[in-house]
Each structure stands twice: as structure tokens, then as C-alpha cells.
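Thanks for coming, everyone. Please look at the model on the screen, and I will walk you through it.

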Amino acid sequence: MNKKILITGSTGKVAEAITTLLLREYPDVKLLLLTSDIKNIKPTKRSSVFQAFYENVKWLKDFVINHKPDIIINCAAMTNVDACEDEKEKAMNLNASLPETLSIAAKKINSHLITFSTDYIFNGKKGPYSELDTPDPINYYGKSKLAGENLAKGNTQKLTIIRTNVVYGKSSYGKNDFIKWVSDKLDNKEKINVITGQWCNPTFTDDIAWAVSRIIETKSYGIINLSGKDWLNRYEIALIVAEVFDYDKNLISPLDPSKLSQKAFRPEKGGLIITSAEGLLGIKLSRLKEGLTTLKFQLNEYEI
Ligand SMILES: NC(=O)c1ccc[n+]([C@@H]2O[C@H](COP(=O)([O-])OP(=O)(O)OC[C@H]3O[C@@H](n4cnc5c(N)ncnc54)[C@H](OP(=O)(O)O)[C@@H]3O)[C@@H](O)[C@H]2O)c1
């Protein structure tokens, strides 16, 4: 793959997995890494790092048009669901205007735009959801991500929207996620109450990275669901984390979902159906135990 690839949100979990895979598997790839905090990332021979101003539409458009990447992978987003309720303008800027601007610039330079969305665009009454189900977001994060999908779709055909959910994986930049929260608490021998609701399919960042490389190679456009194979509630996920990492399962107690108070509403039965992604891309998405077993190995390797 002899391509110049622009990645936004480079310190994020998904961006890190994609960057690692592209540099490891494709010796001819050159990366342009955009980040809002440039001191975090070191450039390498094949990756340059640039300070990003995601909310400055003119700067972003000019940056893309001047650098002419073959592929743009938009991983930047405001992902804190509760914070999106409080900072609606920022959520709209990052989750909707950013993919919109990238789609306009991508069209101008005939570049393929890959951007990420979420199962939170659905109301959670009847998940898991296929690519054809009708969105109906119940929180501002979901609304802003759906707006991002629709705005980008209006500007370019060479567009892939990857919908995913409950992402986990290694982060060198200290990014948090539900599985890391469970793992950190149990590692500290703290008791946790975990709801027996908010069904989802936890997704390993390494699987997303493989899928993205296949999307680039096969020029697959449109909406693609990418998730782990298991559809589980949060309590079930916590038990599997304990099993794989050898933590004490007795530290985990089930909690009725109605007892958890969160600022933003969450879909109760969320998650995604992934049969079309596996067929289209020829990939195998991991079950939670498989992904966690690989992650455990990666984390041990990292500590040594
Ligand atoms: N995590 C999940 O469970 C999940 C579920 C469904 C969908 N998704 C989608 O998948 C994509 C990648 O998510 P991820 O899990 O890799 O996200 P992440 O770890 O939170 O990273 C997002 C990155 O966006 C950039 N960013 C810019 N402004 C930000 C702001 N105000 N708040 C937070 N981040 C900001 C940061 O990178 P720089 O500072 O380096 O620019 C940050 O590292 C996003 O589009 C997200 O909506 C994620």
C-alpha cells in the first residue's frame, strides 16, 4: 500500500491501533498524524505529527487540501457521552462539523474518507442493530454523531462510516474505557456494582485496525458495522474481564439498571449486527474472551 494517510485524533484508542498496524504491516505507507496536543506524540521516519485545530474549519480544510492525503481516517471525536450533554456546541463541532469539513476537503482532492460513528445513534429499544435500522438518538452524543454521518454523506461518495461500540484496547496515552475501569478497580481489589443492562458488543481496537486496512484495500464505501462478536450486558462483561485477568469475581455485584444515575440517557439494548462486515471484508471479529486474552498479553509485554 503506497499511500499517504491522514489520521485525526491520533492519541485516541482507535487511532493508536490503526497507526500501529499501518506502520507495522505496510512499509510504504506514510502517515500524517493530527493531534490537539502535539507534545504527546513523537514523529517517526514514516509518520509526521501536526498540531490540530479541529474547530477551525478554514484551517482544517486548508491543511487537508495542501497535504493531499490519499486516505483520511477521522478518529477525533468528543467521546465523553455525559460531557456532550453539558458542552453541546463543542460536541457538534467535533462530532458533526469535523467530519463535514473533512468530507468537503476529501471530495476536493478525491481522497477516501473513513470516519467513525456509534450504536448510540439508536434508541436502544431493540438492539443489536443492522446498518439498515432507523436511527433515533436519545442523548446529545448520539445526536451529534448522527449529524456527522448525515453531513458527511451529503458531500462525498468515497466515504466509509464505521459504526462501533464499547471499544477497548491498549492506550499509551492513558485513555479510559469501560473495560479498563473494571480492570483497574478489580486489580485494586475494590468492590464494584455493575448494571445488568446496557447491552452492547465490546470491540477490540486491533480488530478495528485490521478492518480499516481491509476497507482501504478493497475500497469499501458506505456504512459498516464493526463490533465484537458477543452481545452482553455490563455485568456479564465485568465477569469475563475478571475471568481473563484472574481477578476475584466476588468483588462484582449485579446492579439493577434503574439504580444507576448517569447524566445522559443510554440505549438499554444497543449493540450492532456484524454479519455484513465479516462477509464484505473477509475478517473475523473477536469474541470478548479472545480480545481480552490478546490485550492481556500486550499489556504484560508493555510492562516488561
Ligand atoms: N470508545 C468507544 O467506546 C466508542 C464507541 C462508539 C464509537 N466510537 C467512535 O470511535 C471513534 C474513536 O474513538 P476512541 O475510542 O478512539 O476515542 P478516544 O480514545 O476518546 O479518542 C478521541 C480523540 O479525539 C481527539 N479529541 C479532540 N477533541 C476532543 C475532545 N473534546 N474530547 C475528547 N477527544 C478529543 C483526541 O485526540 P488528539 O488530542 O490526539 O487530537 C482524542 O484522543 C470516535 O469517532 C468515537 O465517537 C467510540
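Start with H5, whose buried residues pack against H3, residues 81-86, H4, E5 and E6, residues 159-164. One caution before I go on: this is a predicted model. H5 covers residues 140-153. How much of H5 is covered? Mostly: 10 of its 14 residues are buried. Here is the list. Tyr140, Tyr141, Gly142, Lys143, Ser144, Lys145, Leu146, Gly148, Glu149 and Ala152 are buried. Note that Lys143, Lys145 and Glu149 are on that list. On length, H5 reaches 20 Å from its first C-alpha to its last, close to the 20 Å expected at 1.5 Å a residue.

Now another helix, H7, residues 205-218. Does its length agree with or depart from what 1.5 Å a residue would give? Its 14 residues should span 20 Å, and the end C-alpha atoms are 20 Å apart, so the two agree. The buried residues of H7 are Thr205, Asp207, Ile208, Ala209, Trp210, Ala211, Val212, Ile215 and Ile216. A reminder for reading that list: an α-helix has 3.6 residues a turn, so residues three or four places apart point the same way. Just after H7, Lys219 takes a positive phi of about 50 degrees.

Next, the ligand. Which residues are closest to the ligand? They are Gly9, Gly12, Thr35, Ala77 and Phe116. In total, 28 residues surround the ligand. Three elements each supply at least two residues of that shell: H1, residues 13-25, H4, residues 88-108, and E5, residues 112-118. H1 gives the most, with three residues. By type, the shell divides into 12 nonpolar, 10 polar and six charged residues.

H4 comes up again in a helix pair. Its partner is H2, residues 57-67. The two pack at an angle of about 35 degrees, with their axes 9 Å apart. The crossing of H2 past H4 is right-handed. Who makes the contact? From H2, the residues are Val57, Leu60, Lys61, Val64 and Ile65. From H4, they are Ser97, Thr101, Leu102, Ile104, Ala105 and Lys108. That contact divides into seven nonpolar, two polar and two charged residues.

Most residues other than glycine have a negative phi, and most peptide bonds are trans. Here are some exceptions. Gly127 and Pro128 are joined by a cis peptide bond, with omega about 0 degrees. Pro128 sits in the loop between E5 and H5.

Val166 is not a glycine, yet its phi is positive, about 40 degrees. Val166 belongs to the loop between E6 and E7, residues 167-168. Is Val166 buried or exposed? Val166 counts as buried, because it has 23 C-beta neighbours inside 10 Å, and the cut-off for buried is 20 or more.

Lys189 also has a positive phi, about 60 degrees, and is not a glycine. Look for Lys189 in the loop between H6, residues 178-187, and E8, residues 192-195. Lys189 is exposed, because 9 other C-beta atoms lie within 10 Å of it.

Lys68 is in the loop between H2 and E4, residues 71-74. With 14 other C-beta atoms within 10 Å, Lys68 is partly exposed. Lys68 and Ala209 are 141 residues apart along the chain, and their C-alpha atoms are separated by 22 Å. Ala209 is one of the buried residues of H7.

Lys30 is in E2, residues 30-35. Lys30 counts as partly exposed, because it has 18 C-beta neighbours inside 10 Å. Leaving out residues up to four places away in sequence, Lys30 touches Lys4 and Arg46.

Last stop, Ile5, in E1, residues 4-8. Ile5 counts as buried, because it has 25 C-beta neighbours inside 10 Å. What does Ile5 contact beyond its neighbours within four places in sequence? Leu22, Val29, Leu31, Pro69, Asp70, Ile71 and Ile73. Tyr26 is 21 residues from Ile5 in sequence, and 12 Å away in space, C-alpha to C-alpha.

That is the tour. I'll take questions.

Conventions
Residues numbered from 1 in each chain as written. Predicted model: local features only at pLDDT ≥ 70, side-chain atom pairs only at ≥ 80, totals over all residues. Near = placed C-beta within 6 Å. Helix = DSSP H or I, 4+ residues; strand = E, 2+ residues; numbered from the N terminus. Nonpolar A, V, L, I, M, F, W, Y, C, P; charged D, E, K, R; others polar. Axes fitted to C-alpha atoms, helices over the stretch in contact; angles between N-to-C directions. Left-handed = near helix turned anticlockwise from the far one by under 90°. Contact = placed C-beta atoms within 7 Å. Expected span 1.5 Å × (residues − 1). Buried ≥ 20, exposed ≤ 12 C-beta atoms within 10 Å, placed from the backbone.
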